[in-house]
2 protein chains.
Amino acid sequence: MSGAVIDERLALIWMAHAAEPADRRVGALVREHGAVEAVARIQAGRSGLADEPGLRARLAHVDPRRALEQAAGLGARIVHRDGKEWPTQLDQLGDAAPFALWVLGAADLRLTMLRSIAVVGARASTSYGEAVARDWASAFASQSWTVVSGGALGIDGAVHRGALASGGMTICVLAGGVDVAYPRAHEQLLHRIADDGLLVSESPLGECVRRRRFLTRNRLIAALTRATVVIEAALRSGTTSTANAAVALNRPVLAVPGPVTSPMSAGCHALIRESGALLASAPSDVLELLEPLGSTMEARSRAPSRPHDALTEQQARVLDALPARGSSSTAELVRVAGMAVPEVTAALAILAARGLARPAGRGWEIVGRA
Amino acid sequence: MSGAVIDERLALIWMAHAAEPADRRVGALVREHGAVEAVARIQAGRSGLADEPGLRARLAHVDPRRALEQAAGLGARIVHRDGKEWPTQLDQLGDAAPFALWVLGAADLRLTMLRSIAVVGARASTSYGEAVARDWASAFASQSWTVVSGGALGIDGAVHRGALASGGMTICVLAGGVDVAYPRAHEQLLHRIADDGLLVSESPLGECVRRRRFLTRNRLIAALTRATVVIEAALRSGTTSTANAAVALNRPVLAVPGPVTSPMSAGCHALIRESGALLASAPSDVLELLEPLGSTMEARSRAPSRPHDALTEQQARVLDALPARGSSSTAELVRVAGMAVPEVTAALAILAARGLARPAGRGWEIVGRA
């Protein structure tokens, strides 16, 4: 679509197709000149980048407007840096931050990620690790924490299943496109995550998994979440790269110990002994680190629940006040629910975080009735 | 034996019978006035101690000369604070240091304890903990470290067995008298330790195990050794008291992680998370902390061995030079072995540390031919 007029939003999405994730030189170009000008410079051969020919060729193959249509056709969306759903904590990645993310699922990415924990681990997991992954993910999810993992075989799969089993919110950050079922054995699981949670990727639709993308994906998992919990990991494995990315971002890393006779706990033990990871022996060790004591105690007394089961009376009233079709302004909601403006606003934020409501036009709309 | 003339050595042994272990007030009295004068003051009712009547009554029941004879009759000995075999690291306990120790076994207590590691753990151990205890004790013992534990059921027993199996030196610090087989189930094991290693206690012969003595015994294990390794421990258990005693003495504490689902690893995890214990996932984690890298590498290349198998050629020559009966001066050994004085002196220290030779009169004698 060379020659067509584009805005910054389209240019970011365009660049997200052309640039390799975490390429800091392209990131710096966009930071300095904006995405529209960066695209123009690459097209005109004056970006100064070493791999300009490759970038130019990839830009020529992509029409960002068609990419938006293609995503919409699959029920997905492209969330870009300047959009409302952008998780602003990704800005901490600096020039390595993504330009856009592909998202599949109803919940609001930014709001659900505000209260999120990464739980990751080895593909070649043990039954011990899988049991811990499942139990801890359930515990986090049932206390209204979004549980983020990578969808891989082994620990990641057990993490997503545990969160789903307790009716909580889980997000899978993929290394390939959100429409590419990888690993194949997790096709059903990924569908369930798209239905009840979110699939997220920095890779465009249809993009197959490439080795390098696992490492850049791991930095995203670390950057999106408040803390990273490592359940099982071999020494010097991909999992420890997620932990190292979290350390680099000053996010807490917690590692779960296991038998010293298990090679799949060796990476966790090394993280504790050598990388300053905290030893976590129960979900409460993680939650006490992230939450003030009072709120943890309150959360603990709640039973595990689906997102809409755990709503307060006020949140439920605002949810009821939303029309079945179309949207309502905050002023209308204040009137219908019979509540004050700050209460309604607070309730809407929680409803959005749970994927039950979302901003629409100048008001709010319901995402789906359970 | 009131009225009899006694020397400081006898007075210390006498006091070791009368005072409760780790009684700092009696310790302060002896530090200020010496043991002879402390005994005299207690007998005369002018010690100023609150429990003076009890101390006086217990002194009246003991004849320290007969205690020495009684020990010799059992093949045991009483090592007092001013003696050559005293492990001077116990002085770090200050006024809580013992006055004397009962010792059963051939090796020199001070020399064997110079290079010693405490390895302790729960009585209600798991098969995982017992396997780690056995393997690690073997690893330490086969690298010429004296392995010290408490002789209890569970982890302690596995520790002693592991050290014995690799032909190494192991020392059991008992809460009761060295002639009291406690626990009964370890009677055979304790005999083996007395044969190949040492039984040590602060309690006089015949003294039965009392609850309080376990805690005071634990401080001895921590104070005698260079580091304390905790294999398995429940939360707030006797084992963690040994670890806390080691921390108080600035000795390194290392804890072995295990499954977070095991209550017997919970104490270890708490020590790492809350008490600054180091996570140890292999024997090398302990040895690298205690030894300069070079010496560890050298030690690692040695095969597991009985004390006298691991002797260097020079040490073996000095051992051969010792007469079968009676003793030899260092000068005679230099002549017979055909070695220099510093070489002979160094060899004698190692032979003593392995329980193969000991000082006798103004020279050295052999302890036993294998």
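pLDDT is the predictor's confidence in each residue, on a scale from 0 to 100. The model is predicted, and the average pLDDT of chain A is 89. A score of at least 70 is reached by 92% of the residues of chain A. For the model, ipTM is 0.74 and pTM is 0.77. Residues 294–306 of chain A form a stretch in which pLDDT stays under 50; for these residues the model has 14 contacts beyond four places in sequence.

Chain A is divided into domains with the following bounds.

| Domain of chain A | Residues |
|---|---|
| domain 1 | 8–104 |
| domain 2 | 109–300 |
| domain 3 | 313–366 |

Taken over C-alpha atoms, the centres of domain 2 of chain A and domain 3 of chain A are separated by 31 Å.

One helix pair is described in detail. Helix α3 (residues 35–43) of chain A and helix α4 (residues 52–60) of chain A have axes that come within 9 Å and cross at roughly 110 degrees. Because angles of 65 to 115 degrees count as roughly perpendicular, α3(A) and α4(A) are roughly perpendicular to each other. The crossing of α3(A) and α4(A) is left-handed.

Which residues of α3(A) and α4(A) meet? From α3(A), V39(A), I42(A) and Q43(A) take part, and they meet E52(A), L55(A), R56(A) and L59(A) in α4(A). By class, the residues of the contact of α3(A) with α4(A) comprise four nonpolar, one polar and two charged.

Note on methods
Residues numbered from 1 in each chain as written. Chains lettered and ligands numbered in written order. Predicted model: local features only at pLDDT ≥ 70, side-chain atom pairs only at ≥ 80, totals over all residues. Contact = placed C-beta atoms within 7 Å. Axes fitted to C-alpha atoms, helices over the stretch in contact; angles between N-to-C directions. Helix = DSSP H or I, 4+ residues; strand = E, 2+ residues; numbered from the N terminus. Parallel < 35°, antiparallel > 145°, perpendicular 65-115°, else oblique. Left-handed = near helix turned anticlockwise from the far one by under 90°. Nonpolar A, V, L, I, M, F, W, Y, C, P; charged D, E, K, R; others polar. Domains from an automatic or database assignment.
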